[in-house]
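Please walk me through this structure, from the overall fold down to single side chains.

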Amino acid sequence: MASTKHDALPRLLIVEDDEGLQAQLKWAYEDFEVTIVGSREAAIAALRAEEPPVVTLDLGLPPDPDGTSEGFAVLDEIMALKPDTKVIVASGHGARESALTAIERGAYDFYQKPVDIEELGLIVRRALGLHRIEQENRKLASRAGDGNRVLGNLVTSAPEMVKVARTIERVANTKVSVMLLGASGTGKELLARGLHDASDRRGGNFVAINCAAIPENLLESELFGHERGAFTGAVKTTEGKIEMASGGTLFLDEVGDIPLPLQVKLLRFLQERTIERIGGRSSIAVDTRIVCATHQDLDTMIAEGRFREDLFYRLAEVVVKIPSLAERPGDAGLLAKVFLKRFANEMNPSVTGFAPDALAAIDGWAWPGNVRELENRVKRAVIMADGKLVGAEDLDLAQRKAEDANVLNLKSAREQADRKVIRHALARSEGNISSTAKILGISRPTLYDLLKQYDLSA
């Protein structure tokens, strides 16, 4: 086939180990340049070489053809390497559970086997169309100076957060319950609001409640409401947050702080979709979607009997893990500029940007308080700055200046990146040199040289 035709056709990567199905699929996509592979290694090699916009992925790959572990490993690697790729996952193993897991991990869509070629073809072409639209939108947004916003108002350039946003967009119009897991200050409420705004419930109320900030004796009334005279001080009938969010979304932040007796009542609502106000005798039907979040380890709480396992599974049909700011390369500097512009407009218009030492300090700081800490430091700095540029001292990060002198040193950055990648590859291959070299795409002698150069051990 001529190279000009190759250039004109969109690329499609099919990851399928069944030779009979391979032949059917190959001839079903004449308007694509099709590459077919049957293993994880071949799939990742083809992804790197060809960068296809769409991938169809069979979860049952060798050496686990009767399961899904190998297929999900391929999906994870694709999402890590090319998070904008539209992956359509196919499996006959535990369809509903596999579908939810696939979407949680970043898949575009799920298709249950046996494969209907025409139906799968429609999904593939729809995925390609969406990929093209997203590419064009990114170009337009970039030209408009807003290329780092996803899911409404989420500012990021990190693939880790783009993957999170894509997952949320994918589940927004479904009925599955979503649990956001992440440290304090990572933006859980912003993501919950983004999910609401991307859903067909956007016309309803978005109601947020922090379960940790309300005393136990008041939390039930806040959630479920009360009738007049239900307790001392109940001078009128009051709707609870669940009822207020009917037709919309209720965001339960720090859901791990809900006491056990109230967990039972929340579970009953999730099962029956009706509530009873405190002091009330009638059931009220409520159409409220619950999105929840916590920074706590719910697995440990369940094991210790402090959180109901059945409630967890009702709340966490899809779990989205939010990376810390330190795990989002480049986002600290990007967000800092957004915050500076906002606070300068509000409080100190003479401030126009950051001095070089401030940018170096921002890149080097670990940000234990995540985005909230960054926002607070920039706000303080804008107020305290004497000149046009915010310095590291204004951010109260001047003490990091000497430590972070190498942040923008290219050689140092390369060495740090090499060390990190080699360590990850060694961990994945459990120290096997041949496997590590294959993962890294280098020869064994080259790997030995790098291990010696960086004083690393297999």
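Which residues does the UniProt annotation "domain: Sigma-54 factor interaction" cover? The annotation, from an unreviewed entry, covers residues 154-383. UniProt positions follow the numbering used here, feature names are shortened, and annotations may be inferred rather than shown by experiment.

This is a predicted model, in which local features need pLDDT of at least 70 and side-chain atom pairs count only at pLDDT 80 or more, while totals for chains, interfaces and linings use all residues. Residues are numbered from 1 along each chain as its sequence is written, and side-chain values use heavy atoms, with hydrogens and water left out.

Start with the whole chain. The protein chain holds 19 helices and 16 strands. Both are DSSP runs numbered from the N terminus: helices are H or I with at least four residues, strands are E with at least two. Along the principal axes, the C-alpha atoms fill a box of roughly 80 × 65 × 45 Å. Of the 458 residues, 46% count as buried. Buried means under 20% relative accessible area, exposed means over 50%, and partly exposed lies in between, with a 1.4 Å probe and protein chains only. Contacts (heavy atoms within 4.5 Å) can be split by sequence separation. Of those with a separation of 6 or more, 67% join residues 24 or more positions apart.

Now the annotated position in strand 3. UniProt lists Asp58 for "modified residue: 4-aspartylphosphate", again in an unreviewed entry. Asp58 lies in strand 3, residues 54-58. Asp58 counts as buried because its relative accessible area is 6%. Leaving out residues up to four places away in sequence, Asp58 touches Val15, Glu16, Asp17, Gly71, Ala90 and Lys113. Its side chain also reaches the backbone nitrogen of Gly60 at 3.2 Å. That is a polar contact: a pair of N or O atoms within 3.5 Å, where within protein one must be able to donate a hydrogen and the other to accept it, and residues adjacent in sequence count only if both atoms are side-chain atoms.

Move on to the span 154-383. Its end C-alpha atoms lie 25 Å apart. The span is 45% helix and 14% strand. Helix 7 covers residues 159-171. Why does its length agree with expectation? At 1.5 Å a residue, its 13 residues should span 18 Å, and the end C-alpha atoms are 19 Å apart. The expected span is 1.5 Å times one less than the number of residues. Buried residues in helix 7 include Met161, Val164, Ile168 and Val171.

Next, the cysteines. How many disulfides does the structure hold? The structure holds zero. A disulfide is a covalent bond between the sulfur atoms of two cysteines. Here the test is a pair of cysteine sulfur atoms within 2.5 Å. The sulfur of Cys211 is 8.9 Å from the closest cysteine sulfur, in Cys292, so the two are too far for a bond. Cys211 is buried at 3% relative accessibility. Cys292 is buried as well, at 0%.

Then the aromatic rings. The structure holds five aromatic pairs. Rings of Phe, Tyr and Trp (its six-membered ring) pair if their centres lie within 6.5 Å; planes under 30 degrees apart count as stacked, over 60 as edge-to-face and the rest as tilted. Phe206 and Phe251 form a stacked pair, 6.4 Å centre to centre with 15° between the planes. This pair links distant parts of the chain, 45 residues apart: Phe206 is in strand 9 (residues 206-210) and Phe251 in strand 10 (residues 249-253). Phe206 is buried at 14% relative accessibility, and Phe251 at 0%. Trp365 and Trp367 pair edge-to-face, with 6.3 Å between centres and 75° between planes. Both Trp365 and Trp367 are buried.

Glu373 sits in helix 16, residues 370-384. Beyond residues up to four places away in sequence, Glu373 touches Trp365, Trp367 and Pro368. Glu373 counts as buried, at 14% relative accessibility. Glu373 and Gly185 are 188 residues apart in sequence, yet 7.4 Å apart in space, C-alpha to C-alpha.

Finish at Asn348. Asn348 lies in the loop between helix 14 (331-347) and strand 15 (353-354). Is Asn348 buried or exposed? Asn348 is buried, with a relative accessible area of 13%. A polar atom of its side chain lies 2.9 Å from the backbone oxygen of Val382. Setting aside neighbours within four places in sequence, Asn348 is in contact with Phe343, Val382, Ile383 and Ala385.
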